[in-house]
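Visitor: Hi, I've got a chain open on my screen and would like to talk it through. Can you put it up on yours as well?

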Amino acid sequence: MIAALRGTVATHRSDHHGLCLGCPPTWTDGRLTREPWPCPTIDQAQGFLKDPDRIYEALPGERV
Ligand SMILES: [Zn+2]
């Protein structure tokens, strides 16, 4: 699980515009745009890495 999170963090990197490379582009005001980095995915992943027990609250049923 932690490895999967690390893989996510490796994918969601900032490009030279400060936008996330891992998030799918979205149409906003007729332009294709990306999430500013750090994106919500990174925020969430970093929260889980700092406090791994939170993942059990977020994903009921995944408890081992
Ligand atoms: Zn992202």
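Visitor: Thanks. How much of the chain counts as buried?
Guide: Of its 64 residues, 6% count as buried. Buried here is 20 or more other C-beta atoms within 10 Å of the residue's own, exposed is 12 or fewer, and partly exposed is in between, with C-beta atoms placed from the backbone.

Visitor: And where do these coordinates come from?
Guide: This is a predicted model, in which local features need pLDDT of at least 70 and side-chain atom pairs count only at pLDDT 80 or more, while totals for chains, interfaces and linings use all residues. Residues are numbered from 1 along each chain as its sequence is written.

Visitor: What's the average pLDDT of the chain?
Guide: The average is 86, and 88% of the residues score at least 70. pLDDT is the predictor's confidence in each residue, from 0 to 100.

Visitor: Where is confidence lowest, and where is it highest?
Guide: Helix H3, residues 54–58, is the lowest with a mean of 71, and strand S2, residues 31–33, is the highest at 91. Where pLDDT is low, the predicted coordinates should not be read in detail.

Visitor: OK, the layout. How many helices and strands are there?
Guide: The chain has three helices and two strands, running α-β-β-α-α from the N terminus on. Those are DSSP runs numbered from the N terminus: helices are H or I with at least four residues, strands are E with at least two.

Visitor: How do H1 and H2 cross?
Guide: The axes of H1 (residues 2–11) and H2 come within 10 Å and cross at roughly 145 degrees. Axes are lines fitted to C-alpha atoms, for helices over the stretch in contact, and angles run from 0 to 180 degrees between N-to-C directions.

Visitor: Left-handed or right-handed?
Guide: The H1 and H2 crossing is left-handed. That term applies if the near helix is turned anticlockwise from the far one by less than a right angle; clockwise would be right-handed.

Visitor: Which residues meet there?
Guide: From H1 you have Leu5, Thr8 and Val9, and they meet Thr41, Ile42, Ala45, Phe48 and Leu49 of H2. By class, this H1 to H2 contact has six nonpolar, two polar and no charged residues. Nonpolar covers Ala, Val, Leu, Ile, Met, Phe, Trp, Tyr, Cys and Pro; Asp, Glu, Lys and Arg are charged, and the others, Gly among them, are polar.

Visitor: What does "contact" mean in numbers?
Guide: Two residues are in contact if their C-beta atoms, placed from the backbone, lie within 7 Å. Among contacts in the chain with a separation of 6 or more, 24% are between residues 24 or more positions apart.

Visitor: Let's do histidine 12. Why does it count as buried?
Guide: Histidine 12 counts as buried because it has 20 C-beta neighbours inside 10 Å. Histidine 12 lies in the loop between H1 and S1.

Visitor: Which residues does histidine 12 contact?
Guide: Leaving aside neighbours within four places in sequence, histidine 12 contacts Cys20, Leu21, Gly22, Cys23, Cys39, Thr41 and Ile42.

Visitor: Switching topic: where's the cis peptide bond?
Guide: The cis bond joins tryptophan 37 and proline 38, with omega at about 0 degrees. Proline 38 is in the loop between S2 and helix H2 (40–50).

Visitor: And what's the phi of aspartate 29?
Guide: Aspartate 29 has a positive phi of about 55 degrees, although it is not a glycine. Most residues other than glycine have a negative phi, and most peptide bonds are trans. Aspartate 29 sits in the loop between strand S1 (26–28) and S2, and it counts as exposed because it has 5 C-beta neighbours inside 10 Å.

Visitor: Last one: what does proline 25 touch?
Guide: Not counting residues up to four places away in sequence, proline 25 touches Leu32, Thr33 and Arg34. Proline 25 is in the loop between H1 and S1, and it is exposed, with 12 other C-beta atoms within 10 Å.
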